[in-house]
Each structure stands twice: as structure tokens, then as C-alpha cells.
Amino acid sequence: MLLKHGAIYLLARLTPGAVAFASLVAYTRLLSPEDYGTYILVVTTVALVHVNLFSWLELSLLRLLPAHQDKPGALLSTTLCLYLWLSAGTGAIGLLVWLLVPDPTMRQLVLVGIPILWAHAWMELNLKLCQSALMPIRYGILLLLRSTSTLCVGVALVLYGFGAYGPLLGFLLGTVLACLAAVSWQWRGIRPSLDRHLAGGLARYGLPLTGSIALVFVIDSADRFMIAHFLGADAVGVYSAAYDLASQSLQVLMMAVNLAAYPLAIRAYEAEGVPGAINQLRQNGVFLLSIALPAALGIAVLAGPLADGLLGEEYRAAARLILPWISLAIFIAGMKVFFFDMAFQLSKRSGAMMWSVGAAAVCNVLLNYWWIQSFGTIGAAWATTVSYAIALGVCIAIGRRLLPIQLDWSQTLRIACASGFMVLVIVSMPALPGLPGLCAQIGAGVAAYGIAGALLNVMGARTYLANRLGLLP
């Protein structure tokens, strides 16, 4: 089931990911670094508010719904009621900010940002519902609907002269369209009604996660605000383009694996306890590493061709330097969030996660303050990488006391060897210009990794092929 659902989720994330890639390519050619930086700052601010106010509800629904899968109505009604309360509260705060802030540009951004926040939070809630209910196809349809609508509307508005507001309004309209589809599918017959016992359970599990997620957000996004302060909005645009290029490839792949793996780990833990969860997590870890490690190394060694082939000219020089570091940072972060953090989530000791991300967040802010002023945007990439490495180390040290999660070291070594062979093949190829050259290098790398992985029997690939070909009795 892991490989089947993983493949479906991979397709479900890859298609919207390709659309997001197209958006990045389009916006870095149509928008100036300053406009792109303004767009990123608004999106980052919305994400910050979402993380602190809404994310606990989504994660609680994902974790607790399997225990209510026979009769989910009361849990969904309570979740809907809490979402509406949070929306009303953020709307009141947004109105107050709009009335008190004198800057007309900021007031316009607030008018756009609050609806984006509501739509984004509702969309994430529905995606978590699909994930928990093991509905990967519906998950993919919602993502595809949002991403394609966002791209078409956003690019049209930019071409019409809306500047930074183009992608913002495109994201809002695309998300609203997907949310309308989700309402007709997943909330039919559900009315907002608060069950205090269920609300308490959602809060007890989810609220401790809020602090941890907010601190992760500091590690991931504080650099944008500090770059804006020290270097300006145009530097934010240049840095974010490189960051998003790595994120929208590597993080999408790791998330696709997690979307399939996370519900299976929860169900194994609920049905078989710690032994069943450990066995499922070992499989999850191998699957995650087999996708993430070659992808991270591929981005690092192809940083130059990726930047030149996909980004606008004003963004390329910085991206060549930043991409290898960001790919490493995202790989480390993904291993922490999607694998080792399961020790806290399965044991429902989510508050303990704050120790790992708290130390890393403090380190991140201090290093960004020092290195951005000293080294520019590459300093922010260094700070992010170091901070995630600290978070991973502390997470492993504390998490093993709650749940003894381990990688399958035999498979890890095989994946590392196959990935190393892939790198050798890529770097030995003659450099070909433009997108055809980039595609040739990517294709050769994928083929090399696939052949080496099969020969080394990564995830039982050689055994599976031998059985399919009738070479084994």
C-alpha cells in the first residue's frame, strides 16, 4: 500500500508541482525582483498567520480522524465550527489593521491577504481530510484545480499590469475555486456544531504543535524578512526565486512520500502498537530516502543549468550559489519533519518537539542577523542549512527516548551508493546549452540512479524485477 499510495501521491504532487514550476519561470520573467519580493513577503506573512492560528486544527484532524472513521460527523462539525471562529477572529484583526495603518499600499495588501488566509486555511484543512481518509486521487484533483487556476489567472493579471497583485489575486481565485469543489465533496450534510469533548481533544493534540510549527517557520522564513530589512525587497525576490526552485522540486517529492506514509504509520501504531509502527516507519524511511537523497544531490550538481534554464536573467547569478545550500537544507528539514518527528507525533508528545526547533530557531535568527549583513543572501542560505542540521540532531536525540525510530542502514548505504553513481554520470557529461541540455542531464541522472538502485536491490527492486521476469523460482 505504501508504494501504491506513494505513486499516486507522487503524481498528485508532481502535476501541480510542474504548474508551480511554470509559475516560477513565468513570474521571474514577468515581474521585477522588487515586485516578486513583495509578492513573496505577502505570501510569507499569510503563511506565518496560518501557522500560528490554523495549522493546529488541520494537524489535529489528520491525527484524530482515523479513530473516528466509522462516525466522523461530530468531529467534522466541531472542526468546521472552530474554523469559522478562527476566521471571524482573523477578520476582526484584519479590519482593525486596515483602520489603523495609514499606508495605502499596506491597506490594500491587508484586503488581499485576509481572504487569501481564509481560503488557504480551508484548502489545507480539506487536503488533510483527503490524506487522512486515504483519498489520494481526490487530493490530487484539488491540488491540480488550484494550481492551474492560480497560474492562468495570475499570469493574465500580471500581463494586464497588476504587478505584485497579479499572482496574489491569482492564488486567491484559484484556491477559492478548489475550495468550492471540496465543499461539494467532503462537507455535504455537515453543519457547524461544537462538541466540547472533541474540541478539547483537538486542542490538546494540536495546540502544542503550534509552537513547534511556528519555530520551524522562523527557520524557514525569517530570512525573507531580515533580507528585506537589510538588503531590500529586490533581494528578497532574488533569494526567494532560488529557494522556491529547490523547494518546489525536492520538497514536493518528499511531501508526496509523506502523504502516503504518514497515515499508514498512524494506522499501524493504532492497530499494532510500537512494534507495528517501528516496522512501518522503517519502510517509510527507506522510501523517503530513496527519493530525497538523489533529488537533493541532483539539484546541487545541476544548480547552474537549473538557474540558467528556468529563471529570469536577473535571478540567475544568485541562484547558482544558493541552490546547492538550499537543497541540502530542505533535505535535512524533510528528514526531520517527515521521518524523525514521527516519534513525537505518534506518542502524542508534540510539545517535546519545541526543544529541537526552539534551539534551531534562535540559532537561525542570530546567524541570519550576522551572515546576511556580512555575506548577503548566501549567508541566509548558510544560516538555514546550519539551523536545520541543529534541529535534526536535537530531534533525534530527544525522539529516540519516546519511540526508537531508526533508518535501515543497509538500504541507506545502497541508496547513497546509487546516488553517488548518479552524480558521477551527471558531472561526466559534456555541458549542453539550454533546456535540452538540462533535460538530457536530468534524464541521464534518473537512468543512472534507476540502474544502480536496481543492481543494488534498493527497496527490493532487483528481487521484484527478477520475479517479474521469471528469473527466480
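This is a predicted model: local features need pLDDT of at least 70, side-chain atom pairs count only at pLDDT 80 or more; totals for chains, interfaces and linings use all residues.
## Salt bridges

Side chains of opposite charge can pair when their charged atoms come close. The structure holds 5 salt bridges. Among them is the pair Lys128 and Glu124, whose side chains meet at 3.7 Å, N to O. Both residues belong to helix α5 (residues 104-132), where they are 4 residues apart, about one turn of the helix. Lys128 is buried, and Glu124 is buried as well.

Another salt bridge joins the side chains of Arg320 and Asp308, with an N to O distance of 2.6 Å. This pair links distant parts of the chain: Arg320 lies in helix α11 (residues 313-340) and Asp308 in helix α10 (residues 303-310), 12 residues apart. Arg320 has a relative accessible area of 38% and therefore counts as partly exposed, because the partly exposed class lies between the buried limit of 20% and the exposed limit of 50%. Asp308, with a relative accessible area of 34%, is also partly exposed.

## A charged network

The side chains of Asp223 and Arg224 form a salt bridge of 3.4 Å, N to O. Asp223 and Arg224 are both buried. Together with Asp244, these two residues are linked in a network of salt bridges.

## Helices α8 and α9

Two packed helices are described by the angle between their axes and the distance between the axes. For helix α8 (residues 196-230) and helix α9 (residues 233-301), the angle is about 155° and the axes are 10 Å apart. The two helices are therefore roughly antiparallel to each other, since angles over 145 degrees count as roughly antiparallel.

On the α8 side, the contact is made by Tyr205, Asp220, Asp223, Arg224, Ile227 and Ala228. On the α9 side, the residues are Ala235, Val236, Tyr239, Ser240, Tyr243, Asp244 and Tyr262. By type, the residues of this contact divide into 8 nonpolar, 1 polar and 4 charged. The members of the salt-bridge network, Asp223, Arg224 and Asp244, are included in the contact between α8 and α9.

## The nonpolar core

The largest nonpolar core has 135 residues. Helix α9 supplies the largest share of this core, 29 residues. Tyr36, Leu250 and Phe331 are the residues with the most contacts inside the core.

Which residues does Leu250 contact, leaving aside its neighbours within four places in sequence? Leu250 is in contact with Ala292, Ala295, Ala296 and Ile299, and also with Ser327, Ile330 and Phe331.

Notes: Residues are numbered from 1 along each chain as its sequence is written. Side-chain values use heavy atoms; hydrogens and water are left out. A salt bridge is a side-chain nitrogen of Lys or Arg within 4 Å of a carboxyl oxygen of Asp or Glu. Buried means under 20% relative accessible area, exposed over 50%, partly exposed in between (1.4 Å probe, protein chains only). Axes are lines fitted to C-alpha atoms, for helices over the stretch in contact, and angles run from 0 to 180 degrees between N-to-C directions. Angles under 35 degrees count as roughly parallel, over 145 as roughly antiparallel, 65 to 115 as roughly perpendicular and the rest as oblique. Contact means heavy atoms within 4.5 Å. Ala, Val, Leu, Ile, Met, Phe, Trp, Tyr, Cys and Pro count as nonpolar, Asp, Glu, Lys and Arg as charged, and the others, Gly among them, as polar. A nonpolar core is a set of buried Ala, Val, Leu, Ile, Met, Phe, Trp, Tyr and Cys residues joined through side-chain atoms within 4.5 Å.
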